[in-house]
Amino acid sequence: MSTLYISPGACSLAAHIVVRELDLPIQIEKVALRTPDSPIHQINPLGRVPALQLEEGALLTENSAILPFLADQKPGTSLFAEAGSIERAQIQSWLGYLSAEIHTASFRPINRPERYCADESAHPGIRAQGQVQLLKAFEHIERHLSDRQWLVGERYTIADAYLGVFASWLGRLGGPFDQLQAVKRVRDAWAARPAVQAALSAEGLR
Ligand SMILES: N[C@@H](CCC(=O)N[C@@H](CS)C(=O)NCC(=O)O)C(=O)O
């Protein structure tokens with residue numbers, strides 16, 4: 001059986017949710033992060049989750065590859081779209097935006113300032129600039145969602161599963177992030193889904 005390596009509440013929650021949405025025969029394995037003796041280092045040389053170890057032997061990393069791969073295990077699922085369709089490209093565009101602009105460019109300086117400067121006295125400034133970037137990046141999503149229920153089309157897709165994770169991280173920040181009403185509406189609809197609740201329970205988060 002294939003195994004999805006996750007860590008509670010991390011970005012790997014999106015892949016965990018999709019496994020549950022589609023009821024895929026994939027084992028979920030929790031690992032610790034940021035600790036040298038974690039088994040994740042034997043699986044993914046970067047020591048990061050999500051990592052999907054396939055039964056056939058290949059390892060897949062990166063949400064932007066894992067989420068489409070999981071959805072393609074159930075062809076015709078409403079979580080994704082047909083190969084060659086504009087909707088599929090739009091969903092992939094949002095996966096790229098969430099991975100690059102929201103996670104890497106914005107949350108990473110907030111959560112991992114040591115990756116940008118070894119001098120700890122610089123960390124508050126790096127975190128503050130990360131919050132500025134994050135707000136701008138979420139304001140783009142807020143405008144897009146102002147007249148739509150979900151990111152693409154009229155249905156929940158793998159892009160919304162991924163957005164829900166980052167939207168749930170905003171709760172820790174407060175301040176101007178509380179003004180993102182459309183993002184909060186999508187986060188609440190995401191949180192009400194049975195697959196999301198099951199994944200959160202399995203990760204010990206509810
Ligand atoms: N670009 C990767 C980022 C993966 C990533 O940074 N995961 C975090 C958890 S949210 C992690 O494993 N951090 C541990 C570390 O960097 O040591 C993806 O989208 O899959």
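A polar contact is a pair of N or O atoms within 3.5 Å; within protein, one must be able to donate a hydrogen and the other to accept it, and residues adjacent in sequence count only if both atoms are side-chain atoms. Keep that in mind for the tour.

What you have open is a predicted model, where local features need pLDDT of at least 70, side-chain atom pairs count only at pLDDT 80 or more, and totals for chains, interfaces and linings use all residues. Residues are numbered from 1 along each chain as its sequence is written, and side-chain values use heavy atoms, with hydrogens and water left out.

**Stop 1**

Select D147, in the loop between α5 (123–145) and α6 (158–169). Helices here are DSSP runs of H or I with at least four residues, strands are runs of E with at least two, and both are numbered from the N terminus.

Is D147 buried or exposed? It counts as exposed, because its relative accessibility is 63%. R148, at 33%, is partly exposed. The cut-offs are under 20% relative accessible area for buried and over 50% for exposed, with partly exposed in between (1.4 Å probe, protein chains only).

For a sense of distance, pick S99 as well: its C-alpha atom is 23 Å from that of D147, and the two residues are 48 apart along the chain.

**Stop 2: two domains**

Colour 2–77 plus 196–202 as domain 1, and 86–193 as domain 2. These bounds come from an automatic or database domain assignment. The domain centres, taken over C-alpha atoms, are 20 Å apart.

Zoom in on where they meet. On each side, 18 residues are in contact with the other domain, contact meaning heavy atoms within 4.5 Å. About 1,600 Å² is buried between the domains, and carbon and sulfur atoms give 59% of it. Select C11, R34 and V196: they supply 27% of the area that domain 1 buries against domain 2, more than any other three residues. Buried area is the accessible area (1.4 Å probe) that two parts lose on being put together, summed over both.

Between the domains there are six residue pairs in polar contact, both residues at pLDDT 80 or more. The largest share, six residues, comes from α3. By type, that side of domain 1 has ten nonpolar, four polar and four charged residues. Here Ala, Val, Leu, Ile, Met, Phe, Trp, Tyr, Cys and Pro count as nonpolar, Asp, Glu, Lys and Arg as charged, and the others, Gly among them, as polar.

**Stop 3: salt bridges**

Side chains of opposite charge can pair when their charged atoms come close. How many salt bridges does the count come to? Six, and the count between domain 1 and domain 2 is two.

Select D72 and R88, whose side chains meet in a salt bridge at 2.9 Å, N to O. Next, go to R193 and E21, another salt bridge, at 2.8 Å. R193 sits in the loop between α7 (181–191) and α8 while E21 is in helix α1, so this pair ties together parts 172 residues apart in sequence. R193 is partly exposed at 23% relative accessible area, and E21 is partly exposed at 23%. Finish with E114 and R112, in a salt bridge at 2.7 Å; E114 is partly exposed at 38%.

**Stop 4**

Most residues other than glycine have a negative phi, and most peptide bonds are trans. Go back to R34, in the loop between β2 (26–30) and α2: its phi is positive, near 60°. R34 is exposed, at 58% relative accessibility. Then pick E62, in the loop between β4 (59–61) and α3, with a positive phi of about 80°. E62 is partly exposed, at 43%.

Now find V49 and P50, joined by a cis peptide bond with omega about 0°. P50 is in the loop between α2 (40–43) and β3 (51–53).

**Last stop: S38**

Select S38, in the loop between β2 and α2. S38 counts as buried, at 3% relative accessibility. Leaving aside neighbours within four places in sequence, S38 is in contact with V31 and A32.

Notes
A salt bridge is a side-chain nitrogen of Lys or Arg within 4 Å of a carboxyl oxygen of Asp or Glu.
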